[in-house]
Amino acid sequence: MYLESWKGSEYSLLEKFGLKQIRLNLPFRLNHVNCFLAEGENGWKIIDTGLHNQETMERWKKELAGKEVTDIILTHYHPDHFGYAGALQKKTGAHVWMSETDEKNGKLSWEKEAIEGLEQNYRQAGVPEDISKRMKNNTMEFIPRVTPYPTVNHYLQEKETLVLGNNEYEIFSAPGHSDGMVVFYNRENNLLLSADQILPKITPNISYWFHGDPNPLKSYLNSLDRLSELDAEIVVPSHGRPFYGANDRIREIQAHHDDRLNVTLELLNEGGTVYDVCQKMFRKTLTVHETRFAIGETLAHLEYLRYQGECKREMSEKGYIYHR
Ligand SMILES: [Zn+2]
């Protein structure tokens, strides 16, 4: 349920916690990301930065006019959160904070070596040659949106605390959506800054990206279980509006993945490549960018089932075939 009093004025309620939400536009179906500004003792802290593009630059320029930025805190390495961090650090001299794992991911995912392997990976997932090429090229288009990379000055670590605005927050690792994602929890107000771990309307994308955690869906579901122990009352997500009741939403997301896993398993009666299963699972027409996420998500579900011993994977001329 959305906070009644936040209708039209969610910003004023966040103000109580000393947080200002900066909603940046994104040129995707998921059309925005929420970043935050918080005043500290010596200047301002920014939580997530948006993509490195013209619109983001202009928006931050306006928001930060007359403000000294001391810290840039990144929840995870995905381009809509991490992309502008390096350029903004260059402009402001701010210290950058993120997890060590996602620093590695951020500095590896758009490098030549990782991108060159992608086409081959997509071919092994059964994606036709021309689409594999376009998916690789789509990844390359992100390079200017995520560079220059930031210099990370501090690693965010589980159990440490951080003051953001008026309150102190505990750092929790919540791997799954990215291997090194962190969320911030304020016990006093039972408030969770949930990053992309718990979102109100869409389910967070859980993808295998051909590097890192081999079973991200398992990690994600484990993170949900852990966070449900907090029973957070107020959730402030990185996409969508703040809402009440973390655990109600956690249960919905768990049910979604249970459904998805069942559907995937059923599709495996016939067997097929990742691409075959993906096409049956996502019936609407997808852009190349969306296909990358759909393949990643399908693969995460298939690999979860494989690690559970519920399906097998074999190499064939068409790439890997999954079957029961
Ligand atoms: Zn995001």
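Which residues in H6 meet which residues in H7? On the H6 side they are Ile115, Leu118, Glu119, Tyr122 and Arg123, and their partners in H7 are Glu129, Ser132, Lys133, Met135, Lys136, Thr139 and Met140. Contact here means that the C-beta atoms of two residues, placed from the backbone, lie within 7 Å.

Keep in mind that this is a predicted model: local features need pLDDT of at least 70, side-chain atom pairs count only at pLDDT 80 or more, and totals for chains, interfaces and linings use all residues. Residues are numbered from 1 along each chain as its sequence is written. Helices (H or I, at least four residues) and strands (E, at least two) are DSSP runs, numbered from the N terminus.

**H6 against H7**
- Helix H6 (residues 112-124) and helix H7 (residues 129-140) have axes that come within 9 Å and cross at roughly 150°. Axes are lines fitted to C-alpha atoms, for helices over the stretch in contact, and angles run from 0 to 180 degrees between N-to-C directions.
- That angle makes H6 roughly antiparallel to H7. Angles under 35 degrees count as roughly parallel, over 145 as roughly antiparallel, 65 to 115 as roughly perpendicular and the rest as oblique.
- The residues of the H6 contact with H7 split into five nonpolar, two polar and five charged. Ala, Val, Leu, Ile, Met, Phe, Trp, Tyr, Cys and Pro count as nonpolar, Asp, Glu, Lys and Arg as charged, and the others, Gly among them, as polar.

**H12 and its neighbours**
- Helix H12 (residues 288-307) has 20 residues and reaches 28 Å from first C-alpha to last, close to the 28 Å expected at 1.5 Å a residue. The expected span is 1.5 Å times one less than the number of residues.
- After H12 comes Gly309, with a positive phi near 80°.
- H7 packs on H12 at an angle of about 100°, with the axes 9 Å apart, so the two are roughly perpendicular.
- Ile131, Arg134, Met135 and Asn138 of H7 make that contact with Val288, His289, Thr291 and Arg292 of H12.
- The axes of helix H10 (residues 246-267) and H12 come within 10 Å and cross at roughly 80°, so this pair is roughly perpendicular as well.
- Here Arg260, Leu261, Thr264 and Leu265 of H10 meet His301, Leu302, Tyr304 and Leu305 of H12.

**Asn53**
- Asn53 sits in the loop between strand E3 (44-47) and helix H2 (54-63).
- Asn53 is partly exposed, with 17 other C-beta atoms within 10 Å (20 or more would be buried, 12 or fewer exposed, in between partly exposed, with C-beta atoms placed from the backbone).
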